[in-house]
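Thanks for passing this one along.

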Amino acid sequence: MKVSVDRDKCVASGQCVLSAAAVFDQDETEGVVILLNDDPGPDQYDAVRLAAQMCPASVITVTEEK
């Protein structure tokens with residue numbers, strides 16, 4: 001799995017951090033998403049998928065690798 005984010009479109013809701021704190025954080029100044037790990041382990045897959053689904057601005061892209 002590869003993860004990417006579009007910080008320019010982030011609305012700083014924090015849903016990603018609540019869903020997958022090991023993969024996402026928020027900038028202390030602006031509150032926008034910070035991607036901590038663009039290649040999370042299998043133990044984080046479900047949390048990352050949930051974060052992408054819950055993001056109100058749809059700024060999280062998840063690419064499933066084969």
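**Notes on the chain**

1. The protein chain has an accessible surface of about 4100 Å², and 46% of that belongs to carbon and sulfur atoms. Accessible areas come from the Shrake-Rupley method with a 1.4 Å probe, and for residues only the protein chains shown count as cover.

2. Please keep in mind that this is a predicted model, in which local features need pLDDT of at least 70 and side-chain atom pairs count only at pLDDT 80 or more, while totals for chains, interfaces and linings use all residues. Residues are numbered from 1 along each chain as its sequence is written, and side-chain values use heavy atoms, with hydrogens and water left out.

3. The protein chain contains 2 helices and 4 strands, and from the N terminus on the order is β-α-β-β-α-β. Helices (H or I, at least four residues) and strands (E, at least two) are DSSP runs, numbered from the N terminus.

4. Of the 66 residues in the protein chain, 32% count as buried, meaning under 20% relative accessible area with a 1.4 Å probe, protein chains only. For contacts (heavy atoms within 4.5 Å), among those between residues at least 6 apart in sequence, 57% join residues at least 24 apart.

5. S19 counts as buried because its relative accessibility is 19%. Leaving aside residues up to four places away in sequence, S19 touches A47, L50, A51 and M54.

Methods: Buried means under 20% relative accessible area, exposed over 50%, partly exposed in between (1.4 Å probe, protein chains only).
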